[in-house]
Amino acid sequence: MDFRLVDIDNIPLFHTLQHMMEVAGDDSEKSVNAPSRIYVRDAKAMAATPADVKEYPNSYVFVVDMPGLKSGDIKVQVEEDNVLLISGERKREEEKEGAKYIRMERRIGKFMRKFTLPENANTDAISAVCQDGVLTVTVQKLPPPEPKKPITIEVKVA
């Protein structure tokens, strides 16, 4: 596998997020087209959802940390035939009477990750398991195509 350092300023998603954060943080110039603070917060949460992707001989495995979430809070879908979408929402705990937050550091809100699956991914054979706050999505590979046999064409006399 070939790993390279990547300049995130040249990645369209990160460039767009950075621009949205700059626009949202600039109160001196309110634009009608500027994204709302909630949109920017959600976009940050989506970009900050870390994932590991592994390839095995017969499958691809996506591992995403989901601490405190139940399986009902997580949605795993395939869009457009080859895009794996993992999404959900982490909600704030209901406050008990008499309790108040002194510090709130755990992230709440929506999260989403999209992965373009390779051509040999079998989108009909996907499983998802959430255990101990870790979501593991396994996408089986399709068997390699059989090599095409040569076709003999009969040559006719004109």
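## A walk through the strands

Start by selecting E6 and strand E7 (residues 134–141): the two pair in the antiparallel sense over 7 bridges. Pick Ile126 and look across to E7, where its bridge partner is Val139. Remember that you are looking at a predicted model.

Before going further, colour the model by confidence. The protein has a mean pLDDT of 79, and 73% of its residues reach 70 or more. E7, where you are now, has the highest confidence, at 95, while helix H1 (residues 12–25) has the lowest, at a mean of 58.

**The open sheet**

Now bring in the neighbours. Four strands make an open sheet, in the order E1-E2-E7-E6, with antiparallel pairing. Strand E1 (51–55) and strand E6 (121–131) are at the edges with a single partner strand each, so one side of each has no neighbour in the sheet. Turn the view to see the twist, which averages 15 degrees from one strand to the next. As a reminder, strands of a sheet pair through backbone hydrogen bonds, either parallel or antiparallel.

Next, select strand E3 (residues 74–79) along with E4; they run antiparallel and 6 bridges join them. Zoom in on Val78, whose bridge partner in E4 is Leu84. The hairpin of E3 and E4 has 3 residues between the strands, and in this hairpin Glu80 takes a positive phi near 50 degrees.

How many residues of strand E4 (residues 83–90) are buried? The count is 7 of its 8, so to speak a mostly covered strand.

**Into the core**

Show side chains for the largest nonpolar core, which has 15 residues. Which of its members touch the most others? They are Phe62, Met66, Ile74, Leu84, Ile86, Val137 and Val139. Strand E2 (59–65), E4, E5 and E7 are the elements that give two or more residues to this core.

Click on Phe62 and list its contacts, leaving out residues up to four places away in sequence. Among them are Leu84, Phe115, Val137 and Val139. Phe62 also touches Asp52, Val53, Leu117, Leu135 and Thr136.

**Two charged pairs to finish**

Side chains of opposite charge can pair when their charged atoms come close. The model has 2 salt bridges.

For one of them, select Glu55 and Lys141, whose side chains meet with an N to O distance of 2.6 Å. Glu55 sits in strand E1 and Lys141 in strand E7, so this pair ties together parts that are 86 residues apart in sequence. Are the two partners buried or exposed? Glu55 is partly exposed, with a relative accessible area of 48%, whereas Lys141 is buried, at 17%.

Then go to Glu79 and Lys114, which form a salt bridge with their closest N and O atoms 3.6 Å apart. With Glu79 in strand E3 and Lys114 in strand E5, the pair ties together parts that are 35 residues apart in sequence. Glu79 counts as partly exposed at 26% relative accessibility, and Lys114 counts as partly exposed at 47%.

Key: Residues are numbered from 1 along each chain as its sequence is written. This is a predicted model: local features need pLDDT of at least 70, side-chain atom pairs count only at pLDDT 80 or more; totals for chains, interfaces and linings use all residues. Side-chain values use heavy atoms; hydrogens and water are left out. Buried means under 20% relative accessible area, exposed over 50%, partly exposed in between (1.4 Å probe, protein chains only). Two strands pair if DSSP finds at least two bridges between them. Axes are lines fitted to C-alpha atoms, for helices over the stretch in contact, and angles run from 0 to 180 degrees between N-to-C directions. pLDDT is the predictor's confidence in each residue, from 0 to 100. A nonpolar core is a set of buried Ala, Val, Leu, Ile, Met, Phe, Trp, Tyr and Cys residues joined through side-chain atoms within 4.5 Å. Contact means heavy atoms within 4.5 Å. A salt bridge is a side-chain nitrogen of Lys or Arg within 4 Å of a carboxyl oxygen of Asp or Glu.
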